[in-house]
Amino acid sequence: MQIPFVPRSVAAMAIGALVIAPFIGGATAAQSPLSSTERSIVRSVDAHNGDALALLVRLVDINSGTTNHAGVRRVADILRAQFDSLGFTTQWVDGAAFHRAGHLVAEHPGPGPKILIIGHLDTVFDPDSPFQKFVRLDDSTARGPGVIDMKGGDVIALYALRALEEAGALDSMHVVVVYDGDEEDAGAPLSAARHTLIDAAHGATAALGFEDGAGDPRTAVISRRGDISWTLTTTGHTAHSSQIFTTEYGAGAVYEAARVLDAFYTQLSTERYLTFNPGVVVGGTAVSLDSTLSAGTAAGKTNVVADTMVVAGDLRTLSPAQLAHAEQVMQSIVRHNLPGTTAHLVFADGYPPMAPTAGNKRLLAMYDRASRDLGSGPVVAVDPSRAGAADVSFVANEVPMAIDALGLSGHDDHSPQETADLRMLPVQTKRAAILMYRLTAQTGTHAITP
Ligand SMILES: [Zn+2]
């Protein structure tokens with residue numbers, strides 16, 4: 001997951017320690033709202049929890065920083081063998097075309113509606129990071145690179161499918177698994193890097209993402225803001241500074257850029273869930289900004305009117321409609337130039353928004369029902385301002401229903417304190433398995449019609 005720059009709530013972390021008790025218990029068989037197949041799914045998850053944890057340790061101990069292609073491939077090979085053993089047809093999609101390791105794809109054909117499962121193999125920790133190994137902290141927690149983001153989620157999806165297979169439910173299911181090798185730092189061109197995932201989503205009824213989300217097992221993600229970048233370039237006439245504001249020389253590039261940014265702020269900054277941040281600025285008479293939009297140079301003089309200014313920023317939106325509206329307003333601001341200047345605004349590829357659609361809410365309701373039926377309490381949607389962009393966003397507009405954050409709970413992902421709550425491993429595996437089972441068993445019913 002790409003983390004938004006939002007401090008994790010202290011309250012949410014405390015919840016992990018204090019309020020988790022209701023998740024651990026379960027209804028007894030006599031009063032269980034689960035069907036007999038569902039109860040055998042639950043038994044299978046419990047029976048294999050030790051194996052699931054051992055696999056998680058093995059995967060975390062392999063460095064798979066995004067740029068460590070061999071490590072990403074080793075993680076993929078281990079998981080691939082697991083999916084092979086469940087009767088999936090597996091495939092490694094080489095990533096040379098987008099300068100990354102590649103993606104693991106596993107498919108189980110069946111008569112049921114197609115369910116897309118999304119994970120990733122890579123982590124943010126490079127081979128030279130001091131954070132490399134799984135360390136058990138106590139009975140219920142462990143620290144490790146990628147333990148929740150998201151090798152834990154990869155293992156949860158796998159063991160949910162294993163339980164479905166043991167219960168005889170997998171035969172009728174159509175499941176496609178895509179574990180990307182470059183979620184934390186997507187390859188370029190982005191269209192090539194995400195082609196496999198988007199292709200797998202075609203015809204799917206639901207997309208299930210196994211990121212760790214907000215780290216609170218009482219929440220799931222049904223909406224993520226999109227995140228794209230933009231570059232504003234303004235020009236003016238260079239001249240002695242004493243001539244600025246004259247009809248002949250005009251206002252110069254810096255005032256024009258300032259006008260545009262001020263109008264962005266004035267006209268758009270109060271719209272809910274919409275943010276745009278000018279992060280880098282270079283202006284003067286000789287400027288450059290590199291292609292990553294993260295470094296540049298500028299030269300000029302206080303007594304010379306600047307002829308160029310370049311501003312690079314991001315734009316986060318909740319829905320495709322909000323994105324389209326923001327782009328349209330920003331472009332119309334850009335057109336009303338100060339005298340003697342031009343302005344040009346370009347939007348780049350990025351993560352599309354995942355809107356909180358009615359379909360996504362229905363899928364959350366099914367997940368919430370599964371959790372309650374398991375005796376693990378309700379699940380509600382996390383506020384989109386606390387959810388960063390992730391791979392599920394690329395398919396959110398391709399499928400009738402999508403949900404994310406079905407993975408392993410914990411806290412402090414993307415940091416050397418990344419910690420998993422191991423008590424949630426079987427709980428979240430059961431919830432995911434029951435959700436997948438019901439998505440198939442309830443085909444055509446009102447419950448899943450988008
Ligand atoms: Zn992630």
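This is a predicted model: local features need pLDDT of at least 70, side-chain atom pairs count only at pLDDT 80 or more; totals for chains, interfaces and linings use all residues.
**Stop 1: two cis peptide bonds**

Most peptide bonds are trans, and the tour begins with two exceptions. Select Asp149 and Met150, which are joined by a cis peptide bond with omega of about -5 degrees. Met150 is found in the loop that runs between strand S5 (141-143) and helix H6 (151-166). Keep Met150 in mind, for this residue returns among the lining residues of the largest cavity.

Next, select Ala188 and Pro189. A cis peptide bond connects this pair as well, with omega of about -5 degrees. Pro189 belongs to the loop between strand S6 (174-180) and helix H7 (190-193).

**Stop 2: two residues with positive phi**

Most residues other than glycine have a negative phi. Move to Tyr273, a non-glycine residue whose phi is positive, about 70 degrees. Tyr273 sits in the loop between helix H9 (252-268) and strand S10 (275-284). Is Tyr273 buried or exposed? Tyr273 counts as buried, because its relative accessibility is 18%, below the 20% cut-off.

Continue to Asp412, which is likewise not a glycine and has a positive phi of about 65 degrees. The loop between strand S17 (410-411) and strand S18 (419-421) contains Asp412. With a relative accessible area of 25%, Asp412 is partly exposed.

**Stop 3: the largest pocket**

To centre the view on the largest pocket, select Ile228, Ser229, Thr292, Leu293 and Asp349, the lining residues that lie nearest its centre.

Of the contributing elements, S14 gives the most, with 4 residues. Colouring the lining by class shows 10 nonpolar, 10 polar and 5 charged residues.

**Stop 4: the largest cavity**

The structure holds 4 cavities of 30 Å³ or more. The largest cavity contains about 40 Å³ of space. To display its lining, select Ile118, Gly119, His120, Met150, Glu183, Gly209, Phe210, Glu211, Ala390, Asp391, Val392 and Asp404.

Strand S3 (residues 114-120) makes the greatest contribution to this lining, with 3 residues. By class, the lining of the largest cavity has 5 nonpolar, 3 polar and 4 charged residues.

Methods
Residues are numbered from 1 along each chain as its sequence is written. Side-chain values use heavy atoms; hydrogens and water are left out. Buried means under 20% relative accessible area, exposed over 50%, partly exposed in between (1.4 Å probe, protein chains only). On a 1 Å grid over the protein atoms alone, a cavity is a set of points where a 1.4 Å probe fits but cannot get out, and a pocket is an open set with protein on both sides within 12 Å along at least five of seven lines; lining residues have an atom within 4 Å of a point. Ala, Val, Leu, Ile, Met, Phe, Trp, Tyr, Cys and Pro count as nonpolar, Asp, Glu, Lys and Arg as charged, and the others, Gly among them, as polar. Grid points are joined across faces, edges and corners, and a volume is the space filled by probe spheres set on the points.
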